Amino acid sequence: MNRDKRLRTPPAPFASIPARLLAGAAFALDPAALTMLLLLEAAYHPTRHGMPGAVVPHAIAAKIARVSSKTVVAGFRRLQKEGVIAVGRAGTHPRGQGGANPTATIWRLPHREGGQGVPHLPLAHGMEAPAGSVRLAAGLIRHDVAALSGRELAVLMALAASRHRTSRGEMMDSSPLNVGAAHAAWLTGLPRSSAAIAVQGLLNTGRLILAQKSEGRRAATARLASAYLRHDRRPEAAAEEGMVTSWSFLAGRKTAEKHCPPLSLLDTTDVASSRESGGTP
């Protein structure tokens, strides 16, 4: 690919999530709050809504995550209580015929706005706060929310945020990760049995790639799929460099998730739309 063509390639949407926040969210937040945080991170835009923020209508969030509207509301409320998000502009609910179009709430993510501090959610006891940010494709985040259980999502995000990251979002330590049940339970606060089931699910779907099986007291180790290790804003440039950063491998696997919604629902514009949500903020 020549340089001119590369420069004309539009950047792929991605979320840059502070590793410290993501690790704390995987440990301290309930599945509903973690899910809503990830959808907000994927939908965040610095200018699209006239202010920095994200629009995730309740109806669409419920459909993607396969949860009730009450669960969605509870997730947003928990994030507000923890100071992770704030209302940028409240949604409107006009009633009666001839009223104005309803609009969805615009949520601010202070940690994505320059100069704002990262909320200090509790980490696993004795865990060193990871530095840097985890960069994930917005489409990958929505696909994971749609396809994974709450415990699988928690374990995946905890592992992704368990080590320091560079300014480009790459893991500083590239050695295999400890994916033993005890370690996964420590990172997430899950029971060991639940953590073990979650790890197996991530291995089955290719999000984790086994490096070494458990042997005696030695825990199993695995590597994260490359899409969770580094996100290049220009996939074509990454392909030219021989990097595999696409997350399309998930859709083509024999173990692909049957309950995942259509990809059209996972599109950025659909999630960000407020008028197609039926007025639910």
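This is a predicted model: local features need pLDDT of at least 70, side-chain atom pairs count only at pLDDT 80 or more; totals for chains, interfaces and linings use all residues.
Student: What is the order of the strands in the open sheet?

Tutor: The order is E5-E7-E6, three strands with antiparallel pairing, and the edge strands, E5 (177-178) and E6 (208-212), each pair on one side only. Helix H7 lies across E5, E6 and E7, at about 85° to E7, while helix H9 lies across E6 and E7, at about 105° to E6.

Student: How do the axes of H8 and H9 cross, and at roughly what angle?

Tutor: Two packed helices are described by the angle and the distance between their axes. Here the axes of H8 (residues 181-188) and H9 (residues 192-204) come within 8 Å and cross at roughly 105°; because angles of 65 to 115 degrees count as roughly perpendicular, that is how H8 and H9 are described.

Student: Which residues in H8 and H9 meet?

Tutor: From H8 come Ala181, Ala182, Ala184 and Ala185, which meet Arg192, Ala195, Ala196 and Val199 of H9; the residues of this contact divide into seven nonpolar, no polar and one charged.

Student: Which residues in H8 are buried?

Tutor: In an α-helix there are 3.6 residues a turn, so residues three or four places apart point the same way. In H8 the buried residues are Ala184, Ala185, Leu187 and Thr188, and they lie on the same side of H8 because they cover an arc of only 160° around the axis. The buried residues of H8 pack against helix H2 (19-28), helix H7 (150-160) and H9.

Note on methods:
Residues are numbered from 1 along each chain as its sequence is written. Side-chain values use heavy atoms; hydrogens and water are left out. Axes are lines fitted to C-alpha atoms, for helices over the stretch in contact, and angles run from 0 to 180 degrees between N-to-C directions. Helices (H or I, at least four residues) and strands (E, at least two) are DSSP runs, numbered from the N terminus. Angles under 35 degrees count as roughly parallel, over 145 as roughly antiparallel, 65 to 115 as roughly perpendicular and the rest as oblique. Contact means heavy atoms within 4.5 Å. Ala, Val, Leu, Ile, Met, Phe, Trp, Tyr, Cys and Pro count as nonpolar, Asp, Glu, Lys and Arg as charged, and the others, Gly among them, as polar. Buried means under 20% relative accessible area, exposed over 50%, partly exposed in between (1.4 Å probe, protein chains only). The arc is that of the directions from the helix axis to the C-beta atoms. Two strands pair if DSSP finds at least two bridges between them.
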